[in-house]
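My notes follow in the order I looked things up.

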Amino acid sequence: MTSPRPRSLGTLLALGAQSTASAEKYAYIVIDLETDQVLHARHADAPRYPASLTKAMTLYMLFDAMKSGEVKLYEQLPVSRAAASQPPSSLRLRAGSTITTKDAINALITKSANDVAVVVAERLGGTEQRFATLMTAKAEAMGMESTTFKNASGLPNSQQLSTARDMAVLAERLLEDHADYYGYFSNKKFSWG
């Protein structure tokens, strides 16, 4: 049984946000989720680097896998050398160690941990590259027509692009498809080690 969708007046997403001196790089959209009315938008369809918003899709894919029973909440996810070598923000995981799915979720949400994003990617896709292909396919299936993922973390890649409108689609789908996991997003801190 799914929980009712969390009530919200809207979704605000910003992509490619830079300093105020470069305001043209800002892209955002505010949508009333009850009516689907766009309340405000700026460059909502312009391509931007999604940066750590990428992890919202990584989490969506993980929640899908949990919902289907492919991944368990307390499963020990292995840490590869590739995952352990990711630059900060990270938990500084060691190759050969493990992290539970629950801790991975919390680390992605509260710490935006790049190493954990790769752990999840490798668990679900075998390799991060294959997982990025799966993420892009899922984005297309959701109607995110202007999104291409090349990694699970949002670390710089000139070919990894999205739009504020596409990210709003993802945010709404997270709320609708995975309301049971919505509570994780209220976590403000996470203890590790």
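**Entry 1: α1 and α3.** I began with this helix pair in the predicted model. α1 and α3 are roughly antiparallel to each other, because their axes cross at roughly 160° and an angle over 145 counts as roughly antiparallel. I noted that α1 spans residues 54–68 and α3 spans residues 101–110. Their axes come within 10 Å. The crossing of α1 past α3 is left-handed.

Which residues make the contact? On α1 I listed Lys55, Thr58, Leu59, Leu62, Phe63 and Met66. On α3 I listed Thr101, Ile105, Leu108 and Ile109. I sorted these residues into seven nonpolar, two polar and one charged.

**Entry 2: α1 and α5.** Next I looked up α5, residues 128–142. The axes of α1 and α5 also come within 10 Å, and they cross at roughly 90°. The two helices are therefore roughly perpendicular to each other.

I wrote down the contact residues here too. α1 brings Thr54, Met57, Thr58, Tyr60, Met61 and Asp64. α5 brings Phe131, Leu134, Met135, Lys138, Ala139 and Met142. This contact divides into eight nonpolar, two polar and two charged residues. I see Thr58 listed in the contact with α3 and again in the contact with α5.

Entry 3: Then I turned to the strands. Do β2 and β3 pair in the parallel or the antiparallel sense? I found them antiparallel, with five bridges. β2 covers residues 27–32 and β3 covers residues 37–42. Tyr28 has Arg42 in β3 as its bridge partner. The two strands form a hairpin with four residues between them. In the turn, Asp36 has a positive phi of about 65°.

Entry 4: Ala51 sits in the loop between β3 and α1. Its phi is positive, about 50°, although Ala51 is not a glycine. Further along, a cis peptide bond joins Pro88 and Ser89, with omega of about 10°. I placed Ser89 in the loop between α2 (81–84) and β5 (98–100).

**Entry 5: confidence.** The chain has a mean pLDDT of 90, and 88% of its residues reach 70 or more. Where does pLDDT stay under 50? I found residues 1–10, for which the model has 22 contacts beyond four places in sequence. Residues 17–22 are also below 50, and this stretch has six contacts beyond near neighbours in sequence.

Technical notes
Residues are numbered from 1 along each chain as its sequence is written. This is a predicted model: local features need pLDDT of at least 70, side-chain atom pairs count only at pLDDT 80 or more; totals for chains, interfaces and linings use all residues. Side-chain values use heavy atoms; hydrogens and water are left out. Two strands pair if DSSP finds at least two bridges between them. pLDDT is the predictor's confidence in each residue, from 0 to 100. Contact means heavy atoms within 4.5 Å. Axes are lines fitted to C-alpha atoms, for helices over the stretch in contact, and angles run from 0 to 180 degrees between N-to-C directions. Angles under 35 degrees count as roughly parallel, over 145 as roughly antiparallel, 65 to 115 as roughly perpendicular and the rest as oblique. A crossing is left-handed if the near helix is turned anticlockwise from the far one by less than a right angle, and right-handed if clockwise. Ala, Val, Leu, Ile, Met, Phe, Trp, Tyr, Cys and Pro count as nonpolar, Asp, Glu, Lys and Arg as charged, and the others, Gly among them, as polar.
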